[in-house]
Amino acid sequence: AQELIMNNAYNEYVEMIEADRVPALELLDKAIRSAEDGFDCRIAYKMLMYTLNGDHKHWICAIDVGRSGMKGGKKTGPARMHLRFLFGHLLDDPKDLLRSGTGILRTIDFPLDGEFDLASVTEYVRDAVSKLDMFISQS
């Protein structure tokens, strides 16, 4: 049943975004799910969020296509995908990929016309999963 919920959120998100973003979404989704079998998925804030154990407050990561990637969205600047980590400030960043957002949020940006380092995505998501309990205890 959990896989069906995840697929429903994923399929709904595919319907919300521009077609040119779908191949990149598929690659990122596969890399994220390679890091953890038990992800729940939901859509919030126009992002596809990955959570564990139904805990939507403490989400692990989210795929964000940006405003220009949503159907009918304003096209500004180069096409990008974003992988956001809610508690990215706790993550190791050996490849210097994380961009600061808010006090705790960190993001990896992917140009749509560039290469995606999927092995690094999986590595960073695994690191986030391993630090979930630490983040919950601090929040």
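Buried means under 20% relative accessible area, exposed over 50%, and partly exposed in between, using a 1.4 Å probe and protein chains only. This is a predicted model, in which local features need pLDDT of at least 70 and side-chain atom pairs count only at pLDDT 80 or more, while totals for chains, interfaces and linings use all residues. Residues are numbered from 1 along each chain as its sequence is written, and side-chain values use heavy atoms, leaving out hydrogens and water.

**View 1. Cys-41 and Cys-61.** Cys-41 is buried at 4% relative accessibility, and Cys-61 is buried at 0%. The whole structure has zero disulfides (pairs of cysteine sulfur atoms within 2.5 Å).

**View 2. The open sheet of six strands.** The strands run in the order β1-β2-β3-β4-β6-β5, with antiparallel pairing. β1 (39-44) and β5 (99-100) are at the edges with a single partner strand each, so one side of each has no neighbour in the sheet. Strands are DSSP runs of E, at least two residues, and helices are runs of H or I, at least four, numbered from the N terminus. Two strands pair if DSSP finds at least two bridges between them; β2 (residues 47-52) and β3 (residues 61-64) have four. Tyr-50 stands opposite Cys-61 in β3.

**View 3. Asp-127 in helix α3 (residues 118-130).** Asp-127 is buried, with a relative accessible area of 13%. Leaving aside residues up to four places away in sequence, Asp-127 touches Leu-91 and Asp-92 (heavy atoms within 4.5 Å). A polar atom of the Asp-127 side chain lies 2.8 Å from the backbone nitrogen of Asp-92.

Definitions and conventions
A polar contact is a pair of N or O atoms within 3.5 Å; within protein, one must be able to donate a hydrogen and the other to accept it, and residues adjacent in sequence count only if both atoms are side-chain atoms.
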